[in-house]
Amino acid sequence: MDTIYALATARGRAGVAVIRVSGPRAWDASAALAGVLPEPRHSALRRLTWEGDLIDEALVLVFDAGKSFTGERVVEFHLHGSIAVVSAVLSALGQQTGLRPAEAGEFTRRALENGRLDLSQVEGLADLIDAETEIQRKQAVKIFSGAISARMEAWRSQLVRAAALIEATIDFADEEVPVDVSPEVTHLLDKVISDIRDDLKGASASERIREGFEVAIVGVPNAGKSTLLNALAGREAAITSEVAGTTRDVIEVRMDLRGLPVTLLDTAGLRDTSDVVETIGIARAQSRAKAADLRVFLTDDDALPPGVDRAEDDIVVRGKADLRTGTGCAVSGLTGEGVDQLVDRITALLEKRAAGASLMVRERHREALRSAEQSLAAAVAEVDYGQAEIVAEHIRFATLRLESLVGRVDVEDLLGEIFSSFCIGK
């Protein structure tokens with residue numbers, strides 16, 4: 001196997017830059033630059049030289065096989081974060097036989113292949129790297145720490161027990177089995193089915209936490225939507241004008257609302273128009289507003305704009321509060337009146353939805369759970385008819401689908417997509 005190397009920190013100038021080397025020649029190749037390496041799991045300051053030239057003075061960390069992130073021999077160079085220093089060290093490593101630059105996510109892929117991480121933990125690590133908010137970080141850390149693996153193992157142990165009981169009836173088909181195993185088998189299967197259904201219920205909320213909620217600001221032209229968006233964003237994200245139809249496309253602003261990732265959408269004013277370009281913008285506005293997790297209807301007289309229906313949790317608020325008196329629930333993006341209260345309402349509604357989140361954050365998780373649930377439901381139905389072989393096959397298939405959550409069965413087609421989201425040094 002090749003020994004790989006890469007910059008593990010962000011490119012560009014920095015106080016410290018980390019270069020990671022992993023593989024069978026990691027120690028020898030690193031010693032060629034640093035001289036005598038420190039003992040494994042220790043660090044030491046070393047002068048890095050190549051072809052007689054001093055490159056830098058760096059902190060060198062050494063890890064033995066089975067004790068590193070990748071499971072291989074690993075060396076890390078903690079350098080001064082100069083672009084020239086990093087380039088010189090990478091060049092020196094690249095000139096050595098058996099070494100090559102790492103591909104995107106290759107360090108993590110080796111950790112998976114060497115049993116240091118399972119597939120769900122790899123996905124958790126990817127989400128942790130991409131996390132923008134506190135709630136995203138907490139969800140990613142939970143998955144990266146093995147929460148899905150632990151849940152799958154609990155299910156698997158129950159299914160193994162159920163399968164063993166069923167197999168006993170098959171093995172002793174010509175003899176009288178002293179105890180009716182059907183009640184215990186049914187109980188075990190029902191328990192797993194109940195757990196799976198609970199996780200499926202919370203999967204949508206988990207995905208929204210991972211990808212972010214969308215909140216669309218909807219209204220007629222000149223209702224103050226763009227001004228409100230700018231006030232919420234704290235910057236001039238959208239062009240504001242007294243001319244109706246200024247906003248033609250959907251403008252997006254990413255925000256962190258008490259740890260929740262939220263994208264605010266400023267949509268085109270909804271009205272009947274003969275303008276071709278504005279018509280396209282209105283169609284896009286209606287489509288995005290319908291697909292959004294929450295809509296804020298900005299109105300003038302409490303009448304909803306055409307083309308978008310109001311859902312139960314959607315917020316209706318009057319705009320341009322600075323021009324009104326005694327209108328009750330109103331907001332002004334120009335003066336900030338009512339903006340904090342609106343943010344609190346949006347946040348409270350989204351927090352309520354996020355509260356039911358499960359560990360299943362990806363579509364492949366949901367597909368595996370749905371497939372397993374169907375097989376287990378079929379197994380329960382067959383228990384009453386005494387079809388032991390069919391019950392055993394349904395349990396076996398459900399177990400395989402649950403094991404796919406952590407990559408114990410063939411998921412090779414998924415790996416390219418997963419690891420392509422990683423940076424080179426990870």
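**Exercise 1. Identify the buried residues of helix H5 and state how they are arranged about its axis.**

Solution. Step 1: helix H5 covers residues 134-144, and its buried residues are Gln136, Gln139, Ala140 and Ile143. Buried means under 20% relative accessible area, exposed over 50%, and partly exposed in between (1.4 Å probe, protein chains only). Helices (H or I, at least four residues) and strands (E, at least two) are DSSP runs, numbered from the N terminus.

Step 1: viewed down the axis of H5, these buried residues fall within an arc of 95 degrees, so they line one face of the helix. The arc is taken from the directions from the helix axis to the C-beta atoms.

Step 2: Gly146 follows H5 and has a positive phi, near 105 degrees.

The model is predicted: local features need pLDDT of at least 70, side-chain atom pairs count only at pLDDT 80 or more, and totals for chains, interfaces and linings use all residues. Residues are numbered from 1 along each chain as its sequence is written, and side-chain values use heavy atoms, with hydrogens and water left out.

**Exercise 2. Determine the strand order of the open sheet of 6 strands and name its edge strands.**

Solution. Step 1: the order is E3-E4-E5-E2-E1-E6, with mixed pairing. Two strands pair if DSSP finds at least two bridges between them.

Step 1: strand E3 (43-50) and strand E6 (99-101) form the edges, as each pairs on one side only. Neighbouring strands of this sheet are turned by 30 degrees against each other on average, direction ignored.

Step 2: within the sheet, strand E2 (residues 16-22) and strand E5 (residues 74-80) pair in the antiparallel sense over 7 bridges. Arg20 stands opposite Glu76 in E5.

Step 3: helix H1 (residues 26-34) lies across strand E1 (3-7), E2, E3, strand E4 (53-63), E5 and E6, running at about 70 degrees to E3. Axes are lines fitted to C-alpha atoms, for helices over the stretch in contact (heavy atoms within 4.5 Å). Angles run from 0 to 180 degrees between N-to-C directions.

**Exercise 3. Describe the phi values of Arg41 and Glu51, and the setting of each residue.**

Solution. Step 1: most residues other than glycine have a negative phi.

Step 1: Arg41, in the loop between H1 and E3, has a positive phi near 65 degrees. Arg41 is exposed, with a relative accessible area of 56%.

Step 2: Glu51, in the loop between E3 and E4, has a positive phi near 55 degrees. Glu51 is exposed, with a relative accessible area of 66%.

**Exercise 4. Locate the arginines that lie over the faces of Phe107 and Trp27.**

Solution. Step 1: a charge sits over a ring if NZ of Lys or CZ of Arg is within 6 Å of the ring centre and within 35 degrees of the ring normal.

Step 1: Arg20 lies over the face of Phe107, at 5.3 Å from the ring centre. Arg73 lies over the face of Trp27, at 3.7 Å from the ring centre.
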